[in-house]
Amino acid sequence: KPLAVYDGSGNYTEELLDGLKMYNAKASFFVIGEKAEKNPDIVRRASSEGHLIGNHTYDHIRLPLHSIEDCEESIGKTFNIIENITGERSMYLRAPFGDVSFYQLKKLDVVFISWTFSTYDWKDKDADYIYERIMKKASDGDIILLHDTKKATVEAVLKAIPELQRQGYEFVRVDELLARNGEKIKMGTPYRWCKHERSAFSF
């Protein structure tokens, strides 16, 4: 069950949401707070259509370069924005650049989501490159890092989803993935994948 993780929201989020709805696929959108404030309708739509809305800090700060107080402010502000838009309180955070210190893992009261592999779509690769990387790397229980700020990414994802579904994969939210084996999701833990009948992987 590969799980797609997206940064959002961007110029192509609605196109992606249209495709996810068509294929009955679920995703997790880790939103930057200041972008969510400017695009509340998109965030609200993603939530109402069953996707997870997570936190990517308010202004994409690199956590280890900031004090705990500054991190708490950026993260807390974004959680409040998400709750105001969706009516639901989130507890999931994807740290910008995947960068967080051991001290912050223990002090910040969130569930950290990392990823199994990146498509490197942020390097302005074309849709075929992104599609081929998804198809080559995807395996059971993966969390895949993608960005809906890129048109090429959305094109690649919407091409890959039906192909992977034909191979027996299901696209689920990150919270559903981590709970698949009945395991309790822990705060302060950076999760990278969750294989069938195995503990959710973190380090």
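This is a predicted model: local features need pLDDT of at least 70, side-chain atom pairs count only at pLDDT 80 or more; totals for chains, interfaces and linings use all residues.
Is His-60 buried, partly exposed or exposed? With a relative accessibility of 27%, His-60 counts as partly exposed, because that value falls between the limits of 20% and 50%.

The phi angle of His-60 is near 60 degrees, a positive value in a residue other than glycine. Thr-57, found in the loop between β3 (52-55) and α4 (68-86), likewise has a positive phi, near 70 degrees, and is not a glycine. Thr-57 is buried, with a relative accessible area of 0%, whereas His-60 is partly exposed.

The chain as a whole provides the setting. Its secondary structure amounts to 8 helices and 9 strands. The C-alpha trace spans about 45 × 40 × 30 Å along its principal axes. A compact globule of 203 residues would have a radius of gyration near 17 Å, and the 16 Å of this chain agrees with that expectation. Of the 203 residues, 51% count as buried. The accessible surface comes to about 9700 Å², with 46% of it belonging to carbon and sulfur atoms. Among contacts between residues at least 6 apart in sequence, 69% join residues at least 24 apart.

Helix α3 gives a local view of the buried part of the chain. In this helix, which covers residues 40-48, the buried residues are Ile-42, Val-43, Arg-45, Ala-46 and Ser-47. Their cover includes α1 (13-22), β2 (28-31), α2 (33-38), β3 and α4. An α-helix has 3.6 residues a turn, so residues three or four places apart point the same way. After α3 comes Gly-50, with a positive phi near 95 degrees.

The structure holds 11 of them. One joins Asp-99 to Arg-62, with the closest N and O atoms 2.9 Å apart. This pair links distant parts of the chain, since Asp-99 lies in the loop between β4 (92-93) and α5 (102-107) and Arg-62 in the loop between β3 and α4, 37 residues apart. Asp-99 is partly exposed at 24% relative accessibility, and Arg-62 is partly exposed at 33%.

Another salt bridge pairs Asp-140 with Arg-180, the closest N and O atoms being 3.0 Å apart. Asp-140 belongs to the loop between α6 and β7 (143-147) and Arg-180 to the loop between α8 (174-178) and β8, so the pair ties together parts that are 40 residues apart in sequence. Asp-140 is partly exposed, with 27% relative accessibility, and Arg-180 is partly exposed, with 23%.

The loop between α6 and β7 also contributes Asp-142. The side chain of Asp-142 meets that of Lys-195 in a salt bridge of 3.2 Å, N to O. Because Lys-195 is located in the loop between β8 and β9, the pair ties together parts that are 53 residues apart in sequence. Here Lys-195 is buried, at 16% relative accessible area, and Asp-142 is buried, at 2%. Elsewhere, Glu-15, Lys-151 and Glu-155 are linked in a network of salt bridges.

The loop between β8 (190-193) and β9 (201-202) also holds Arg-198. In contrast to the buried Lys-195, Arg-198 is exposed, with a relative accessible area of 53%. Leaving aside neighbours within four places in sequence, Arg-198 is in contact with Asn-181 and Glu-183. The C-alpha atoms of Arg-198 and Glu-183 are 9.3 Å apart, and the two residues are separated by 15 residues in sequence.

The surface also carries a nonpolar patch. Tyr-120, Trp-122 and Tyr-129 form it, with about 310 Å² of accessible area together. Tyr-129 lies in helix α6, residues 127-137, and is partly exposed, with a relative accessible area of 34%.

The cysteines complete the description. A search of the whole structure finds 0 disulfides. Cys-71 is buried, at 0% relative accessibility, and Cys-194 is buried, with a relative accessible area of 0%.

Note on methods: Residues are numbered from 1 along each chain as its sequence is written. Side-chain values use heavy atoms; hydrogens and water are left out. A disulfide is a pair of cysteine sulfur atoms within 2.5 Å. Buried means under 20% relative accessible area, exposed over 50%, partly exposed in between (1.4 Å probe, protein chains only). Helices (H or I, at least four residues) and strands (E, at least two) are DSSP runs, numbered from the N terminus. Contact means heavy atoms within 4.5 Å. Patches are made of residues with over 30% relative accessible area and no salt bridge: like charges are joined within 9 Å, nonpolar side chains (Val, Leu, Ile, Met, Phe, Trp, Tyr) within 5 Å. Accessible areas come from the Shrake-Rupley method with a 1.4 Å probe; for residues, only the protein chains shown count as cover. A salt bridge is a side-chain nitrogen of Lys or Arg within 4 Å of a carboxyl oxygen of Asp or Glu. The radius of gyration is taken over C-alpha atoms; the globule rule is 2.2 Å times the number of residues to the power 0.38.
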